[in-house]
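Please open the model in a viewer and keep the selection tool at hand. The stops below are to be taken in order.

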Amino acid sequence: MILGSDLSILQPSKFVTEYFRINGDVADVNLKDYIEDQSGFPVNAIENDGNLQNSTGRCTIKGIKGEAYQAEYFLSRNSKNTFFCTFVIEENRDNEINELSLPYDFIELSNLMVFIKDHKLRYLYASSSYCDFIGKKVEEIVGKTDFDILQKNAADICYSSDIQTLNSDKYIQTVEHLGNKVFVADKFKVELPNGKTGIGAVVINNELQKEERIKHDRLIRFLKKTNEYARIGYWEYNEDTNSLFWSDTVREIHEVDSSYIPEYKTAIAFYKEGAGREALEKALKNTAQSGKPFDLQIKLVTAKNNELWVRIFGFSETDKDGSVVLYGTFQDINKETVLRENLQKTKNLIKNISDQIPGVIFEYFYDGDRTLKFLFLSDGVKKLTGFGADELLADFKKAFKSIHPDDLIKIQKSLYKAHHSQSALTDEFRVFHPEKGIRWMRFYARTDVKRHLNTWYGVVLDVTDEVYLREQDKLMALVSAKTNNIIIVTDEQRKIEWVNESFTRITGYKLAEVKGLSPGSLLQGEETNPNRVQEIRESLDKEHKFSGEILNYSKKGEKYWVHLVIQAVFDDDGKVVKYFSIQTDITEKKKQENALRKSEEKYRLITEHSSDGILIIDKGGINFASPGYERMTGYTQDELSRWEPQKIIDNIHPDDQVNLKDIIEQTLVNKNTSLRFIIRKRKKDGWFVSLENQAQIIYNSDGSIQKAYVNVRDVTNRLEAERKIRFQAHLLNQVGQAVIATSVDGNILYINEHAEALYGWTFAEIVGINILDTEPAGSKDLYQSLAAKVLKGETFTVEMQAQTKKGDKIPVSATLSPIWGDKNNVIGIISVSYDITEKIESQKQIKKLTKGIEQSPATIVITDTSARIEYVNPKFEEVTGYSFEEVKGKNPRLIKSGNLDAQIYNDLWNTITQGKDWRGEFQNKSKDGRIFWETATISPIKDESGNISNYIAVKEDITEKKEYEQYIAYLSKIQSVLTNIAKKFINLGVDQINDALKESLEIIGSLINVERIYLVNYDYNNNEAYIFLEWLESKNVVNEDNLNKVPLHMVSKWNDDFLKDGVIIFDELNSDKKKKDILNLIQTDRQSFHILLPITHEKVIYGFIGFDTFDTQRIFRDEEIDLMQLFARLLSNLKIKAIAEKELMESESKLRQTLDVVNEQNKKLLEFTSILSHNIRSHAANIKGIADIMNETDDPVELKNIHSLLQVASGELIETLSHLNQTMNIQRKRNPKKEPIELKKFVQKTLYSIRDQITSSNTDVIINIPENQVINYNKGYLESIILNLSTNAVRYRHPGRNPKLEIWSEIDGDQSILHFKDNGLGLDLDEYGYRLFGMYQVFHENPESRGLGLFIVKNQVEAMGGEIKVKSKPGEGSLFSVYL
Amino acid sequence: MKVWIVDDNAVFRTLVKMQISKIEKNITVEEFEHGKSAMGAVLKYDSDNQPDIILLDINMPVMNGWEFISAYDKLDVNFDRTWIYIVTSSIDPKDFERARDSEYVHDFLVKPIEIDNLKKIFTKVNSSRT
């Protein structure tokens, strides 16, 4: 409610209410001082000021002049001792309303819904239609704010648009809700009579549905053009960035073209150096620093060197970045001045016209009490009263002071009576003219029809002469009655015998002077009609009575008229003895007649030059009609003169006949000689014309009317013109609406300037024409049917086709309302219309746009600048699952998936807040949680001033595309992975397989996001399955042993499944029983999900590959399972390849055996040579070194050490030589001697020779050789082979368990194989395999190792044409298979 | 200065230790029987205990000289301070070439090492340290 606290506004002004606030300390509060100090408001005293304990109350504040202001205060305590008090000072607001009242007649007439609010948003005016609309009486509204009369939420809406309007230079169209009512209001700033800015609003009562309105409103903002009502521009200046913005209007005012980019310096240069420029710079600086707004009117020199005055408002604001932004409006007030001047000129013109009227036209306000004020006075008032119009407008009392004190009370009573009876007022009074003395005035006043406000208008005429004539008339009657005329008695010689007092009084002659004289010679003068004198004589001579008039002269030579009756007085003889003359002074009567005659002449002269008409009426009817009257009515004098009295009356408008009758009766009773009235008469063409009649009445002596001289003036136009004047300032003009008033018959009575502009007719052309003749053919029926309803008192708004003078058809919105007459009858129709071409175009466009938007396959979201959703199209609802109602007002982040980097959104906002378009992709989430992708283009929408008003996002669902892209990317990744892996396995040596597999597992594992992959081999020899390769995502540790050494009979349980489906998926724990068993095997201690795929060839399962995930439910996609299968197939192929290679090698080996042997021998020879030289050299070098150092020392201790060292070195040398000898033997014997050997016995016998080693190491030896097996072999070699392999098993036994050696034989066709399997340390074949059988290769840190055993064995086996194979696993043991 | 001798032959190691003690008392010598035990010490390297010189034999059990060097390569640690000398009785030109091509091998010495050669090596290493 309390909107402002600007203390500076608190001036003892005439305005309704002022607010101010004071802060202070309760302890030393002195309200009077406070108010004076802080507000500058002169305070004389404050009554009941001590009563600030209450939170609210009333008090009276007395101003310095003793005037009292009622004030209401609202007190709130900030703390114990400080308070904060808001005062609302009230004053009679009548004055304010008075000043505003004048223009609103037509609003009332037009039934437009209009209201005006003051700068504090209190209603100053509300049209009755508006009052009806919101269901309140006008007195409940005026002086109140929306918060007082509307629901809170409705008031909030109105308030915000009001504030928007006040802060904007634009014409604001708002949609406001009053409870369940919705209306569209066009709001704009109005300048109030007090110089402040208020709000005017025209409420457009159209038939749009609620939703359509909202849509319309929403879209119109994007389509609406710059408002055309004010040439007000907008500027903005950012000090920090030194950027200056001008709206187009500002550019226009500067007369620069639209591409002109202003800068501070160039902008300032438009003002002449000196005071003006300094003032502006100072104001800008001050506002930037203090934040207080400025308002400057300074002279600008435009780019085209024109000088004009501009008004600049400036405000400051600190934006988000902390930089000060100055902004404001820029107005070309030169234009305004010109307009004002034009208005003044027009007013003056009208004044000139009204000055020609013999009197004063006035308009005044009277509230029935003490407030009386002139609203308008024509300049004639100066002539009449000696006071200028301005003086009297300013101070009504001056007019009262000039009124004769005797008449003043009478006048006041008349005013009061007229006000309360609302009847027309006519009265006479005397005024004191400073030069002419007392003058008689007559005034006629009446109020307008349907008027809420107490405005009266009328005419004052100077009727002094007329009154004097009348007064003298009265005097004559008195005299006549009292003295009974002039009486002259003569003798027979016609000599005066006696005269009465009246004679003396009139002629100046006393009886003594005139006795014996002839009255004729005495009284007659040069102007006396001699014929009349002769007539009297002849009459008297014939002794006839004479009756007639004659001009006489008084003693002073003054002429006077008498009505004279002379009769002879006869004696008894019939002889004339005396003459008796009774004379009535008819001078005044004669004078009157002459005056009339003179004025008649004058009128006739005037009639030739003016539009006034003169009518002379006597008993016979219309005696005379001037050409002016003929023009007014269309009847000629001839026609008029033939009219019977009844015809004359019939010619008068029926409504006026009764009035006229009253007036005439009144006149007859009062014997008024002058009267004025306005009646409507029917012209010859059938139309009525309003005529102002000024009648002079000549009475017969019997009191009947002899003649009436009537000055007739056609006031139809004048009345309209007066209204037009009011209309100049009229709100309707301000909002640009065309007004046409017609009679009930449709004849146009009045059109305003906007109607002239819109329809192309001038007022003069169109007036009197029937409106139907101006309507296009298609609209005539519509208009007629509407008019018929309007004439019954209804009001309609329609959109229809209208036609201009040129015949162009234009769409208009027209509101037709009845004009109410005095008797509550409809006397005409007022049509308020405006061009809706643009609106229709925009509606079409809106329709198109709306349709486009609504049917768009793209998602469209419109938000305000705070990212609150204002609109979404149906596609949005479809895609997101949210309805418009659900998302309205919400932030679009509602549908964020939350998976995108915040940076994307930051970029987005940074881009669009700079006014640029942003393009990108979003991942969003629908209401039901579906994730989808969208491409989005987000653009800021700018309003006319270039400010961002909204953002619009156009988005396209690209989820499928995105998913497809991702899928493709995934597939191509899979492809490349497969290619990579496949490459690894091509031309892969057997020894490289493990490395390649390891890498592949890792690649696949990270690709498909599993945590463990393992390869399980089936070992059919040992009937078990074991993991031979495993990849783990590093962070996860699992029990690695869960699948090690699983008996094959258990594994085989799922072989059927493998062979049938190719894949076993354990995606949940509740698998069937069979699967449960498997799960028991493969399950680790953590919950996991497994996929197992077989590695097969020709229905033989070689093993399987397993993929595990832990703790997370992982659903594998088909293509991932495909990938796993591919990989499994790859592994299968690898297996096949290995088998094939093996087969190939076997078949080739026979062919290439000879060659191989040769090569092998060569290789061995070379190796031998190299080893020989190396080992021998090594020992030799040692010995030489020892010898050298021996020479260097004399120390006996050292020498002893050196000596023992030498012994070791030489021992080593001998050993080496012996080994070499052994080897040389094998190498030498290419074809060693073979003999049949009973294998089992031979093995047992050989082992017996090392029984000490076996028993001391607690080795468990198991021999499994058929008793009867006999082989053909070299005994020495076989012994060496058995010894070497057996001692190796003992030597390299595992420290953690009892050594075990299994020896068994196998017969494969004619090939005998002897296996040696131990559970010892084992060897990493990947690492050492290639040199396992090399010379001097030692793999275990055993002091007995020489690195020759396996070398010798291999050589011996190969010398016999066989081969030796090894399988080994570190920590588990080794299996040597000798192919004998 | 710190010297490692990596050689499976104990006689050779003792011999070299004797020679070193003749040159300078202030040299610490550590012995390793094969590459693997030396590797174990390498893994405990830090700036203090890095050797200045490694005398590395090629033919050794468990982990030979070349295997030691390739393991060394994989460690990806900065070993600039340490100069490796291959000390072998091999006269296989392949070994020589391999030593020449290896970025880690500073020189190739053939057993037995002359005491003067050792002196030169120490002088060289010392001068490079200052």
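Buried means under 20% relative accessible area, exposed over 50%, and partly exposed in between, with a 1.4 Å probe and protein chains only. By this rule A:Gln923 is buried, because its relative accessible area is 10%.

This is a predicted model, in which local features need pLDDT of at least 70, side-chain atom pairs count only at pLDDT 80 or more, and totals for chains, interfaces and linings use all residues. Residues are numbered from 1 along each chain as its sequence is written, chains are lettered from A and ligands numbered from 1 in the order in which they are written, and side-chain values use heavy atoms, with hydrogens and water left out.

**Stop 1: a glutamine in a strand**

Select A:Gln923, which lies in strand 38 (residues 918-925) of chain A; strands (E, at least two residues) and helices (H or I, at least four) are DSSP runs numbered from the N terminus. Which side chains make a polar contact with the side chain of A:Gln923? One is that of A:Ser897, at 2.8 Å, and another is that of A:Asn899, also at 2.8 Å. A polar contact is a pair of N or O atoms within 3.5 Å; within protein, one must be able to donate a hydrogen and the other to accept it, and residues adjacent in sequence count only if both atoms are side-chain atoms. Next, display the residues that A:Gln923 touches (heavy atoms within 4.5 Å), among them A:Tyr905, A:Phe932 and A:Trp933, with residues up to four places away in sequence not counted.

**Stop 2: the nonpolar cores**

A nonpolar core is a set of buried Ala, Val, Leu, Ile, Met, Phe, Trp, Tyr and Cys residues joined through side-chain atoms within 4.5 Å. The largest has 33 residues, and A:Tyr1273, A:Leu1278 and A:Phe1316 have the most contacts inside it. Elements of chain A that each supply at least two of its residues include helix 44 (1239-1249), strand 50 (1300-1308) and strand 53 (1373-1379). Helix 46 of chain A gives the most, with seven residues. A second, separate core of 29 residues includes A:Tyr759, A:Val790, A:Ala802 and A:Val832.

**Stop 3: chain B**

Finally, select chain B, which has five helices and five strands. Along the sequence these follow the pattern β-α-β-α-β-α-β-α-β-α. Of the 130 residues in chain B, 52% are buried. Among its contacts between residues at least 6 apart in sequence, 73% join residues at least 24 apart.
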